[in-house]
Amino acid sequence: MLPKNIKATKEELRIHYRSGLSQKKIAEMYGVSQGYIWMTFKRLGLRSHPKGRTPRPWQQRFWNYVDKNGANGCWVWTASRHRFGYGLLVKEQSTTKKRGRHRTAHRLSWELHNGAIPKGLSVLHHCDNPPCVNPAHLFLGTQADNNRDMFAKGRNKIGRRKGNNCTIQIEAA
Ligand SMILES: [Zn+2]
């Protein structure tokens, strides 16, 4: 039985459920609380995380982890970070147990706003704030530019101190 104030059929809810929409989003769509959706799903025998659901595209998940600080401020990544401070996000979420590969958030931000990064180029920060993903603070450069920039800003010392035994596979920053 559906709560009377939800104007959705069971079949509609099942479709939303299979599409991988979050319960929060479904609740917003029907103007009810998330708790209501949770209860309804429970009554319909649907679990909150269906197996084999379509993983949400990274372009959507990206924004869950961005703390925007105005148009000109640094948009700081709030999820996990690389040891150099760059934000990390799994671009292709895997439905199997194998973990997806981490990408750096500032490179994903560039892709999101400007399209693919030409092969061999790095995405550098004008603001020298590694977790920042504000596209206005990013620019393309070569690895040589990156090294020059790093030395100029003294970031190379962090890398030396911790060595090169990075366990998370990422692209060149
Ligand atoms: Zn910034």
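**Exercise 1.** Find which residues Phe-62 is in contact with, leaving aside its neighbours within four places in sequence.

*Solution.* Two residues are in contact if their C-beta atoms, placed from the backbone, lie within 7 Å. With those neighbours left out, the partners of Phe-62 are Leu-89, Leu-108 and Leu-112. This is a predicted model, in which local features need pLDDT of at least 70, side-chain atom pairs count only at pLDDT 80 or more, and totals for chains, interfaces and linings use all residues. Residues are numbered from 1 along each chain as its sequence is written.

**Exercise 2.** State what share of the 173 residues in the chain is buried, and list the largest nonpolar core.

*Solution.* A residue is buried if 20 or more other C-beta atoms lie within 10 Å of its own. Buried residues account for 17% of the chain. A nonpolar core joins buried Ala, Val, Leu, Ile, Met, Phe, Trp, Tyr and Cys residues through C-beta atoms within 7 Å. The largest has 9 residues: Phe-62, Trp-75, Trp-77, Tyr-86, Leu-89, Ala-105, Leu-108, Cys-132 and Val-133.

**Exercise 3.** Describe how helix α2 and helix α3 are placed.

*Solution.* Helices are DSSP runs (H or I, at least four residues), and strands are E runs of at least two, numbered from the N terminus. The chain has 7 helices and 6 strands. The axes of α2 (residues 23-30) and α3 (residues 34-43), lines fitted to C-alpha atoms over the stretch in contact, come within 8 Å and cross at roughly 110°. The two helices are therefore roughly perpendicular, a term for angles of 65 to 115 degrees. On the α2 side, the contact involves Gln-23, Lys-24, Ile-26 and Ala-27; α3 contributes Gln-34, Tyr-36, Ile-37, Trp-38 and Phe-41.

Methods:
Buried ≥ 20, exposed ≤ 12 C-beta atoms within 10 Å, placed from the backbone. Axes fitted to C-alpha atoms, helices over the stretch in contact; angles between N-to-C directions. Parallel < 35°, antiparallel > 145°, perpendicular 65-115°, else oblique.
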